[in-house]
Amino acid sequence: MYIIKTGTYLDLSLLVILIIAMYYYNKIALAGKLPPLRKIPAIEAITEGVGKSIEENKPVHYAMGASGGQLYSQLVSMTIVALAFLHYIARLCAKYGAKLIVHMPYQAESIPLIEAMVRDGYKVEGKPELFDISCLRYHGYGALTWTQSVTASYDAEGVGLNLSIGIFYSDCPISLEMAKIKGGLNVGGTGRWIMVYAFAMMCDYVFLGQEIYTAGAIISQNPYLLSGVFVEEVGKYYSYILLILGFIAAALGAGAAFFAL
Amino acid sequence: MSEKPTTFWEKIGKIDYRWLYALSLIFTIIPIIQPLGLPIQVSEGTIGYFNAIDKLKPGSVVAVSFGASLALLDEQEAQYLATWKMLFQRELKVIFYCTYADSPLIIQKHLGSVVKPENYGKKYGVDYVVLPYAPLGEAGEASFAQNIRGVYPNDIYGTPLDQIPMMKNINDQSAIDLVIFMYTSCTDVEWPIRQWVVPYKKPVIVATLGCCGPMAVPYYPTQIQGFLSGSGMGTEIEIVSKNPGPGAMMSDAKNLGILPFILFFILGNISYLGRRFVTKEVKK
Amino acid sequence: MILSYFTPFEVFAQFKGIATNWVVIISAVTVAMGLVYMTNAQIKMYQRNRTPLQLAYVLTTYFFFFAFLISGLAYPGDINSREYQWWFQNIYGNVGATVYAVMFFTLASSAYRTFVVSSIEAVALLLGGMLYTLRQIPLFQVYIPWIVPLGEWVLLVPNTAGGRGAVVAAALAALVVGIRTLWGKEVTLEVAS
Amino acid sequence: MAAFIDILGGLVGTFFIISVLSMLWKDNPIFRIGQQAIIGATIAHYILLNFKSALNNAVLPMLSGNFWLFIPLFLGVLMYTRLKNEIAWIARYPTSVLVGIGTGVMIAGTMRGQIIDQMKNTVLDFSKSIASGDSMGIFNYLLIVIGVVTSISFFTFTREHKGLLGASAKIGRIFLMISLGANWSGELVWYLTQLIGRLSWIINTVIKTMLLGG
């Protein structure tokens, strides 16, 4: 009996390579020797949007998707990134005195994390008293209900900046377009490629797919997160090598066997 | 939409969206009230789908894997209704087996009030049988092919299959002459190929959503004998089988409903080109 | 979880089964929390805008909340009863389908704004969008028959290529977040603690 | 003439359809009443659904001897400590359990399905087309290989997009844009079908059949 299941060798090699790369880049990052990352314009637009909101006396809306509170699914990483952005926007709102409205996902189990993020954002900026729990909005079950309620909130309270980062399904084409029509500055992105089109077409500044993860690292300026971007690049080299080895194996008539490893 | 447009070119690029919405609504409603009968081109997949049913010998057994969703019914109802009519118009034995939670509700409604089998002289238990919902998945499809009673011991009314006359000699794939696989998740097209075509060489036709059509195309005609995707091909099967249904109205409404958008798309580009080359308001 | 993926040992598969069952139970129990936050927001909205209309909005929410809660408990068969499903389908079914319908309008207006020939990227976006749209409309299939293979080519070739690259890149990033979380270096979760 | 209950259902459904559609015009009380109603209804539905699940999957099995299920039930209850700020820290334990399990699920599922299999399809489709000698197939699958390689390169952040990487990223961006356009299009026509379905339901089912008895 083998210790490792057949059909998972390639997976294991990828995992091991990423862990080694993470260990290596963490060391470099902690020594402060990481090279700078390419700029993502949408990051700067967030601060611009907060300024616009204050100027127009309208709130900043933050949405992580109607189903954006998934903690135990395949998409948990996107929830974690969305929480990082939530912390960031809460800090900016506390710092500059903008009103923040958070449209929470329907997964109630994510609420403790969401509240903790917002509270801590205000606390870090030394203004915990500005936190108002009624800024955390719960809109019931399902993406379609959420969409309606978020639109109603734009109508009733106005929208200066609409920052939408996280897991989005069919909820974003309405919420993004309505924020745009109501005059809001739309900034956002999702890792779900099938819905990125809505962000690309409706946002003033967009994070395309993977960019949300990189942007999450940049806004945190945390060495572990920044080093993660370099680890991702190692993963990309791995996929290129896989492609080349796959072609060689296919030329030798063993393409399918190679990928079954 | 906040700054007021000044030039003509700017104005046609910043028309209030509500005009687009209103026009789309009006153009969509017209064919619903009065179908226009705009031309339809029948595609090869539809002809293949029709022929697969049409060439069956009297007494053949058809297994319908019915994975229909209420939320997506508008997209597929025309396909379903035309298929039911075709099946009941011929001397066939039909097994409907539900593979999605909403499917029993839909099939009961269809056979209860829309396409009544008794109007075609068909009797429950003799000419057709409806099996309840079971979350089959691909493994379940394989099990069904090997032993129908292992997956569905009873029909939708709780009657054991052994007590249903039609099912007397139908135990597994060997009795099935055609599989109609109806599904809503695009990649599921591979299931009947892997579980019916490859191991048993059974003829298979499929019906799915419009967006899933391109994923079914590569399997036609080598592995599947025909396919329907979306309400467009639902209309086509209505025409080919001479069974009018909701598809014609759907296609007309689609044809007209998209026109305001195309008009606005053209206006948007004229506006951009005008502002770039005539008034030079925008640079490359 | 990871060991159950890589190793053939039954004990890990059993643990995986138990763990996935537990998370469903934990999240099921937490479900009423949303009601507390919704109530907070409703009270605040009414305090800010003490009008009869605002009061009507608040009362509507709670009327429907209790109506569904009671009817979901009162009928034999609870939420699976015919009566409960009748109400739920007539309201939620129609709202759901209509919200999808509204998206047709929002997608159309966003394309009016963005489908302009302003750059190579924008042209690629509008070509991908328009060719496949026309391919799906019956009238264009009749009068421009070559749109069918062209539209399908767009979907099966450049769309597959671009989508595949984007999915791989996002998956690698998600994987890195996951490894970092298990390593205990995910600062986002440290903040929450 | 249709039964009263069907007519009532039709009218209720029509009200909610119009309520949702009216948001496109502007904010109005019909939209807001419909929206508030649906929040209340869905929260109740969600609570009923989950409490039933907790009852069937935890409480009843626990009462019949499976005492271990007390642990997830208790962890679920701990989540509510978030509502009292002084003891809110307790909620991190059940949260950690959820995130830990979620991360394990994600890592195991992502590597094969979203990375290795994507490369596998890219290689095998291309090599099959070469074996078959279909020149159009070879061209298409070669284009896919180029598209996959260049679009991945677009997501490089550790180097500026200049030189060879810049050219590759630029080509990759075009593939990405076509993909976004195609995704948009697929959804647009589907949503149009939904619109037709709802309008047809109001006109043909509610007005013509139920109200006018046609």
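Predicted model: local features only at pLDDT ≥ 70, side-chain atom pairs only at ≥ 80, totals over all residues.

Q: What makes the pair A:N162 and A:Y154 a polar contact?
A: Their side chains are joined at 3.1 Å. The limit is 3.5 Å between N or O atoms, so the pair qualifies. A:Y154 is also on the list of residues in contact with A:N162 beyond four places in sequence, which includes A:H61, A:S175 and A:V187.

Q: How do you know that C:E121 forms a salt bridge with D:K170?
A: The closest N and O atoms are 3.4 Å apart. The cut-off is 4 Å, so the pair counts as a salt bridge. The count between chain C and chain D is two salt bridges. The rule also finds 14 residue pairs in polar contact across this interface.

Q: Which element gives the largest share of the side of chain C that touches chain D?
A: That is α5(C), with 22 residues. By class, this side has 69 nonpolar, 24 polar and three charged residues.

Q: What describes the extent of the interface of chain C and chain D?
A: The area buried between them is about 9000 Å². Carbon and sulfur atoms give 80% of that. In contacts, 96 residues of chain C meet 104 residues of chain D.

Terms used:
Residues numbered from 1 in each chain as written. Chains lettered and ligands numbered in written order. Heavy atoms only, no water. Contact = heavy atoms within 4.5 Å. Buried area = accessible area lost by both parts, 1.4 Å probe. Salt bridge = Lys/Arg side-chain N within 4 Å of Asp/Glu carboxyl O. Polar contact = N/O pair within 3.5 Å; in protein donor to acceptor, adjacent residues only side chain to side chain. Helix = DSSP H or I, 4+ residues; strand = E, 2+ residues; numbered from the N terminus. Nonpolar A, V, L, I, M, F, W, Y, C, P; charged D, E, K, R; others polar.
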